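This briefing is meant for a reader meeting the structure for the first time. Please look over the sequence and the model before going on to the points below.

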Amino acid sequence: MVQFDPNVRMGSPSSLPYDPDQDAAEKRDIRKKYRALEKRTGEQLRPQDIMAAELVEQVEEADELFQKVKNPTEATLDSTVLRNVSSISAQKARAMKLGSAAFDIDDFVSKLAIFMGGRHDLADDASELDDIGDCVMDWEKVGRRALAKSRRVPVMGFMLGPLSVEQKKRATVKRSKLEKSKEEERRPQEIREEDIQRSENETTKNVIKIREILEESGSVNLFRFVVNPNDFAQSVENIFYLSFLIRDGLCALEIDDSGEPIIFLCEAPSAQDRADGVTCHQIVMEFDMATWKRAIEVFEITESMIPQRPAAKTRLGGKWYG
């Protein structure tokens with residue numbers, strides 16, 4: 001849309017592409033004319049409401065106005081007008097029909113029938129039009145006229161295609177069921193009630209044993225009591241069994257003046273004691289292998305106060321696990 005005038009010297013005020021000092025009245029006039037163009041080419045305008053010649057005139061008007069544009073605001077209005085014109089032009093192009101509306105099928109059939117000798121003139125009476133089907137049509141005449149417009153040699157063909165085509169039969173595929181080998185089948189292990197009962201009895205027996213040992217030893221350091229220097233797993237088990245005594249209120253844990261954790265047996269609080277405000281507290285204790293080794297080193301533990309238990313064996317189903 002930008003046009004260059006060879007008569008205008010470069011550097012003159014009228015040739016500057018950007019002029020922030022352009023006259024305010026001139027800018028208002030340009031904006032006014034652009035808004036009028038924008039209103040005429042609005043997006044809400046239907047393509048059938050405007051002719052192509054009018055769109056060309058609006059583009060020419062926008063070109064003339066653009067010669068005076070020196071600021072971004074007016075350039076934006078110019079792009080808006082151009083966008084609207086382009087949108088309407090695209091809609092009109094999509095709606096355009098190239099000769100299809102001028103082609104009348106009924107008129108073509110009538111003229112074709114006349115050419116083949118069916119009718120020599122068109123009659124206004126509708127009953128005469130029905131007689132076209134009774135006349136013999138000269139199709140060879142149409143064929144000769146068509147051959148004059150084409151160099152293709154006429155050949156014989158079949159409406160149903162070549163005669164040697166054989167219809168393919170669809171093969172039926174039988175899918176056999178996937179049979180699993182019985183050797184690979186495994187039954188899940190069955191856990192019987194006596195197996196669970198035996199495990200509970202082992203826990204109860206070990207809790208009672210630990211209580212008897214604590215009763216004989218009296219107040220003792222927690223780590224000296226539960227740590228087995230030869231077996232980390234049994235040290236964890238000792239803490240597990242001791243937790244039952246603390247839960248039932250039969251064992252107490254407190255920190256002495258030197259900061260060591262001390263455990264000792266005590267009487268379980270009665271209902272009256274709980275009514276008077278006595279409460280039991282439990283904690284979650286972290287005990288890993290690093291803590292186990294550090295406790296052996298700090299408290300110089302060489303022998304376990306709780307005797308070493310043989311490796312437990314649990315029977316699940318028909319097998320023993322230890």
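Predicted model: local features only at pLDDT ≥ 70, side-chain atom pairs only at ≥ 80, totals over all residues.

Which residue in E3 is the bridge partner of Ile255? The bridge partner of Ile255 in E3 is Pro261.

**The hairpin of E2 and E3**
- Strand E2, which covers residues 251-255, runs antiparallel to strand E3, which covers residues 261-265, and the two are joined by 5 bridges.
- Together E2 and E3 make a hairpin with 5 residues between them, and in the turn Gly259 has a positive phi of about 90°.

**Helix H9**
- Helix H9 takes in residues 232-247, and its 16 residues reach 23 Å from the first C-alpha to the last, which is close to the 22 Å expected at 1.5 Å a residue.
- At the start of H9, the backbone nitrogen of Ala233 has a side-chain oxygen of Asp231 within 3.0 Å.
- Several residues of H9 are buried, among them Gln234, Asn238, Tyr241 and Leu245.
- Just after H9 comes Gly249, which takes a positive phi of about 80°.

**Aromatic pairs**
- The count of aromatic pairs comes to 5.
- One of them joins Phe223 and Phe299, whose ring centres are 5.7 Å apart and whose planes are at 15°, so this pair is stacked.
- The pair links distant parts of the chain, since Phe223 belongs to helix H8 (residues 222-226) whereas Phe299 lies in the loop between helix H11 (289-298) and strand E4 (314-316), 76 residues apart.
- Phe223 counts as buried because its relative accessibility is 15%, and Phe299 likewise counts as buried, with a relative accessibility of 14%.
- Phe232 and Phe287 form an aromatic pair that is also stacked, with 5.9 Å from centre to centre and 10° between the planes.
- This pair, too, links distant parts of the chain, with Phe232 in helix H9 and Phe287 in the loop between helix H10 (271-275) and H11, 55 residues apart.
- Phe232 has a relative accessible area of 21% and is therefore partly exposed, whereas Phe287, with a relative accessible area of 13%, is buried.
- Ring pairs also bring Trp292 into a cluster with Phe232 and Phe287.

**A charge over a ring**
- The charged end of Lys141 sits over the ring of Phe115, at 4.5 Å from the centre of that ring.

Key. Residues numbered from 1 in each chain as written. Heavy atoms only, no water. Helix = DSSP H or I, 4+ residues; strand = E, 2+ residues; numbered from the N terminus. Expected span 1.5 Å × (residues − 1). Buried < 20%, exposed > 50% of the residue type's maximum accessible area, 1.4 Å probe, protein only. Polar contact = N/O pair within 3.5 Å; in protein donor to acceptor, adjacent residues only side chain to side chain. Pairing = 2+ DSSP bridges. Phe/Tyr/Trp six-rings, centres within 6.5 Å; stacked < 30°, edge-to-face > 60°. Lys NZ or Arg CZ within 6 Å of the ring centre and 35° of its normal.
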